[in-house]
Amino acid sequence: MSRNIDEHPENETVLHADQDYASISREISDIVLRPAGRGWWLGFGLSGLGVLIFFAAAVYLFYAGVGIWGVNTTVVWGFAIINYVWWIGIGNAGTLISAMLYLARQPWRTSINRFAEAMTIFAASIAGLFPILHLGRPYLFYWLAPYPSTMGVWPQFRSPLVWDMFAILTYIIVSVLFWYTGLIPDLATLRDRARSRAAQLVYGALALGWRGSAAHWRHYERAYLILAALAVPLVVSVHSVVGYDFATTLMPGWRSTLFAPYFVVGAMFSGFAMVIVITIALRAAFKLHAFVTPRHLDAMAKILLAASLIMGYAYGMEVFMAWYGTDADEWRQTVTTATGPYAPAYWGMLFCNIVVPQLCWSARIRRNIPALLIIAILVNVGMWLERYVIVVNILSHGFVPSQFRQYFPTVWDWATMLGSFALFLWFFFLFVRFVPMVPMHEVRRLAHSLGERS
Amino acid sequence: MTPNSSWLAEFATAEQLLNAITRTRIAGYRRIEAYAPFDVPGLAEELDLPASRLPLWILIFGILGGVSAFLLQAYLAAVDFPLNAGGRPYFSWPSFTLVSFEFTVLGAALAGFFGMLALKGLPRPYHPIFDAANCDRASQDRFFLMIDSDDPEFDPDSTRRFLESLNPIAVTEVNREVS
């Protein structure tokens with residue numbers, strides 16, 4: 001063995017040895033309790049301007065109608081649905097990471113799960129806006145809910161778009177409950193550490209009177225475990241339903257039984273990439289080096305690689321089934337995707353999602369933060385292109401050649417999309433300011449299991 | 001010390017707390033409570049706490065959510081307003097399974113969250129323990145053991161001496177009268 005045992009990834013710690021219970025509580029809660037720095041105000045202000053763009057685009061959309069977007073009678077789903085699927089994909093990964101790794105008892109989950117779940121809630125909330133925005137009559141969206149109206153009509157429960165509404169609503173509610181459950185003991189820490197009366201009252205109210213007694217912890221641990229166990233199948237169902245929006249149609253290129261699992265893995269893939277970006281950014285901005293070690297990034301990069309291989313299999317299988325089957329439209333659709341007007345998006349998608357993540361086979365690259373950041377950003381670009389290829393490219397050349405048409409996004413499409421990025425950042429700036437971004441009680445437990453540190 | 005006050009011993013490590021609980025139980029005390037800044041493995045077993053009833057509540061509300069969502073969809077689509085949507089049967093049960101699943105999870109998760117709070121008597125903004133000296137560190141880095149004055153073995157002086165024999169950082173009183 002030429003390698004030093006300390007350098008071996010498996011022996012590397014997920015928490016720096018100089019951290020004890022007191023320093024964990026102090027370092028993480030002080031980020032919230034001390035006044036915000038100039039960088040925070042700058043980022044908060046700039047992203048706030050982006051949020052104004054988002055709202056301006058939405059208000060003009062409500063005023064002028066959905067025709068301000070580049071959608072036409074052939075490509076009826078444009079950026080709105082692409083962004084919806086992209087955001088919900090990102091939103092799915094946070095809960096998946098948190099819950100799945102909790103059930104798998106992965107110690108490196110501890111430091112990253114809080115902001116992964118925050119990412120979920122913000123991304124899922126933003127995703128939930130797009131289906132409403134893209135309605136022609138958004139003010140009637142509540143007709144999707146089954147309520148006893150004087151008209152006596154009900155939603156059509158055979159449509160995946162109705163399933164979507166229930167799936168996303170359930171998903172947002174359950175994610176918030178899961179996140180808040182994990183937060184309660186940390187809010188109690190903030191209540192006890194806060195020096196200003198206002199902070200004591202606010203965090204005290206939010207902590208709901210948490211005392212940390214053994215009886216509390218007993219119910220708490222049960223509740224968290226079961227919520228985690230519920231969250232995993234929920235995530236799978238939510239993104240499967242998103243897949244059914246496409247897979248239950250008759251469109252060649254969409255009517256595939258592969259879509260549900262393929263979308264779920266795609267969600268995990270893009271979400272993990274986004275978590276890597278957020279982890280690297282927060283680690284540098286808030287000096288979380290004691291809590292987020294190269295071991296975390298290494299583990300996330302490995303999962304990114306595994307997901308990339310499954311995505312590669314799914315892309316390959318789509319082409320294979322189109323060629324192997326007898327459906328002429330399916331094969332024509334596949335050939336047009338690879339050679340037609342949207343071919344650059346298709347090849348860009350394959351490059352970003354399949355080729356680039358292969359760099360993660362190298363342990364040096366997995367631990368190289370700038371390289372990993374670039375890979376993660378490219379994966380997010382690639383996953384956006386994937387949804388672009390699925391939505392726009394497939395719709396643009398369906399069954400009837402006289403209906404073939406291309407889609408050109410307008411400035412309002414771009415404004416809504418870039419505005420949604422700003423909204424996400426804006427939420428995140430608020431989150432890092434008011435909520436402990438690393439779950440303190442779980443890190444204390446980790447410190448306990450790594451050897452008692454008081 | 002006022003009558004009705006309980007004693008609270010403060011410890012630096014989870015290990016010391018677990019040892020203290022073992023010795024307190026051997027000494028015959030039963031009305032004891034422990035406070036820790038994280039879910040200490042083995043704490044509930046040491047205290048011999050009964051198993052949480054939460055999983056049963058979650059199961060019941062999960063099933064209720066799923067069954068009611070399925071029956072609602074079936075009733076609305078097949079009985080109340082049967083509509084020929086794309087030639088599908090009125091009772092097209094495979095289409096109803098997804099929303100039923102979501103409601104199963106929703107019912108279970110709501111029962112889990114609110115059940116957890118209810119079983120612990122939360123939200124409860126005030127508790128006498130919050131007045132005890134240094135108890136704000138129970139949520140940060142210290143471990144506490146309280147022997148309640150309700151305990152039949154409780155005696156203000158001998159219980160205090162007993163707790164001090166466990167080598168705590170400090171022993172303080174919790175005044176239960178305030179509540």
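How do the residues of the lining of the largest cavity divide into nonpolar, polar and charged? I found twelve nonpolar, three polar and four charged. In this sorting Ala, Val, Leu, Ile, Met, Phe, Trp, Tyr, Cys and Pro count as nonpolar, Asp, Glu, Lys and Arg as charged, and the others, Gly among them, as polar.

Ground rules, for my own reference. This is a predicted model, where local features need pLDDT of at least 70, side-chain atom pairs count only at pLDDT 80 or more, and totals for chains, interfaces and linings use all residues. Residues are numbered from 1 along each chain as its sequence is written, chains are lettered from A in the order in which they are written, and side-chain values use heavy atoms, with hydrogens and water left out.

**Entry: the cavity**

I searched the whole structure and found one cavity of 30 Å³ or more. A cavity here is a set of points, on a 1 Å grid over the protein atoms alone, where a 1.4 Å probe fits but cannot get out; lining residues have an atom within 4 Å of a point. I noted a volume of about 120 Å³ for the largest cavity, a volume being the space filled by probe spheres set on the points, which are joined across faces, edges and corners. Its lining has 19 residues, and the closest to the centre are A:W210, A:R211, A:G212, B:A138 and B:S139. Helix α5 (residues 160-193) of chain A gives the most to this lining, with five residues. Helices are DSSP runs (H or I, at least four residues), and strands are too (E, at least two), numbered from the N terminus.

**Entry: where the chains meet**

I counted 64 residues from chain B and 56 residues from chain A in the contact, which means heavy atoms within 4.5 Å. Together the two chains bury about 5300 Å², 70% of it on carbon and sulfur atoms; this is the accessible area (1.4 Å probe) lost on being put together, summed over both.

**Entry: salt bridges**

A salt bridge is a side-chain nitrogen of Lys or Arg within 4 Å of a carboxyl oxygen of Asp or Glu. Within chain A, A:R367 pairs with A:D298 at 3.3 Å. A:R367 lies in the loop between α12 (363-366) and α13 (369-396) and A:D298 in helix α9 (residues 294-324), so the pair ties together parts that are 69 residues apart in sequence.

Note on methods:
On a 1 Å grid over the protein atoms alone, a cavity is a set of points where a 1.4 Å probe fits but cannot get out, and a pocket is an open set with protein on both sides within 12 Å along at least five of seven lines; lining residues have an atom within 4 Å of a point.
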